[in-house]
Amino acid sequence: MNRRYRKTIIAGNWKMNKTASDTRAFAEELKPLLSKAKWCDIVLCVPFVNIPAAIKAFKDTRVAIGAQNLHFEDHGAFTGEVSAAMLKDLGVKYVIIGHSERRQYWNETDLTVNKKVHAAIDAGLYPIVCVGESLEQRELGVTMELINLQVKTALAGVPAEKMRHVVIAYEPLWAIGTGKTATSEQANEVNEEIRAIIRRLYGARVARSVTVQYGGSMNAKNAEELLAQPDVDGGLIGGAALKAADFTAIINAANQE
Ligand code: PGA
């Protein structure tokens, strides 16, 4: 991380876990533990139905609430979907877009990711755009080409002045939920490339200011080393964000003097 130029953001992704009651209990446990969280932004991306409970429980704290998906249309006949405006109206600040589980199980593509990024930005939400390679792609040596394609497509048509609202999360598929974390060198190498892509698209000043997270089995033990890397500006955390103590340990690792 490099706090001089950009925000460090520690974001939890609860996926399909916890009820609204669990959300309230988690908030009561987490809130007293946040005293050391001076320098990083904290986000919790909860299931849609838990958003009102989360917003209420974390009111007047440093914790912002995020969603895990949205639909790119404003409104209409899309049964079961949720729009950016609906999220914004509830007080949501961030939204995860293009998580690999959405790409894998719901056939999201780089093109739908791009539409969702625009929908989020237009509604005043901050997208956390997920990119990352599979193990096969890493072994074939095409990681950087893939990342280039994913990032460029996701950001197509996004003007430079909106880039301060955009967060990118590098999440190698082989590290998600597997307990197999990327080494800090692997994470930094790809995050550095993501910043280079943004530099080529928008110039050095914008590139320097964009938060690029790492995600994939980040936990209380490995967070400090990952976050010490110059281009790892925070984490997108699944499993370890479900326990207040583990999540706090990661937050504290992002707040070292
Ligand atoms: P994990 O999930 O931390 O459980 O690997 C990360 C993610 O999918 O965002």
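# Helix packing and backbone exceptions

Guide: Begin with helix α1. Its buried residues pack against β2 (40-45), α2 (51-57), β3 (63-67) and α11 (244-253). This is a predicted model, in which local features need pLDDT of at least 70, side-chain atom pairs count only at pLDDT 80 or more, and totals for chains, interfaces and linings use all residues. Residues are numbered from 1 along each chain as its sequence is written, and side-chain values use heavy atoms, with hydrogens and water left out.

Visitor: Which residues of α1 are buried?

Guide: Thr 23, Phe 26, Ala 27 and Leu 30, in a helix that covers residues 20-30. Buried means under 20% relative accessible area, exposed means over 50%, and partly exposed lies in between (1.4 Å probe, protein chains only). Helices (H or I, at least four residues) and strands (E, at least two) are DSSP runs, numbered from the N terminus.

Visitor: What makes α1 oblique to α11?

Guide: The two axes come within 10 Å and cross at roughly 50°. Axes are lines fitted to C-alpha atoms, for helices over the stretch in contact, and angles run from 0 to 180 degrees between N-to-C directions. Under 35 degrees counts as roughly parallel, over 145 as roughly antiparallel, 65 to 115 as roughly perpendicular, and the rest as oblique. α1 is therefore oblique to α11.

Visitor: Which residues of α1 and α11 meet?

Guide: Phe 26, Glu 29 and Leu 30 in α1 meet Ala 244, Phe 247 and Thr 248 in α11. Contact means heavy atoms within 4.5 Å. By class, the α1 and α11 residues are four nonpolar, one polar and one charged. Here Ala, Val, Leu, Ile, Met, Phe, Trp, Tyr, Cys and Pro count as nonpolar, Asp, Glu, Lys and Arg as charged, and the others, Gly among them, as polar.

Visitor: Why are α7 and α8 called oblique?

Guide: Helix α7 has residues 143-154 and helix α8 has residues 184-202. Their axes come within 10 Å and cross at roughly 45°. That angle makes α7 and α8 oblique to each other.

Visitor: Is the crossing of α7 and α8 left-handed or right-handed?

Guide: Right-handed. The near helix is turned clockwise from the far one by less than a right angle; anticlockwise would count as left-handed. α1 also passes α11 in a right-handed crossing.

Visitor: Which residues in α7 meet α8?

Guide: Thr 143, Met 144, Ile 147, Asn 148, Val 151 and Lys 152. Their partners in α8 are Glu 189, Val 190, Glu 193, Ile 194, Ile 197, Arg 200 and Leu 201. The contact of α7 with α8 has seven nonpolar, two polar and four charged residues.

Visitor: Why does Thr 143 count as buried?

Guide: Thr 143 has 8% relative accessibility, so it counts as buried. Beyond four places in sequence, Thr 143 is in contact with Glu 133, Gln 137, Arg 138 and Val 190.

Visitor: How do α5 and α7 cross, and at what angle?

Guide: At roughly 35°, with the axes of helix α5 (residues 110-123) and α7 coming within 8 Å. On the α5 side the contact is made by Asp 110, Leu 111, Val 113, Asn 114 and Val 117, and on the α7 side by Leu 149, Gln 150, Thr 153 and Ala 154. Five of these α5 and α7 residues are nonpolar, three polar and one charged.

Visitor: What is the phi of Lys 18?

Guide: It is positive, about 75°, although Lys 18 is not a glycine. Most residues other than glycine have a negative phi. Lys 18 is in the loop between β1 and α1.

Visitor: What makes Asn 219 partly exposed?

Guide: Its relative accessible area of 28% makes Asn 219 partly exposed. Asn 219 is found in the loop between β7 and α10. Leaving aside neighbours within four places in sequence, Asn 219 is in contact with Ala 240 and Ile 250.
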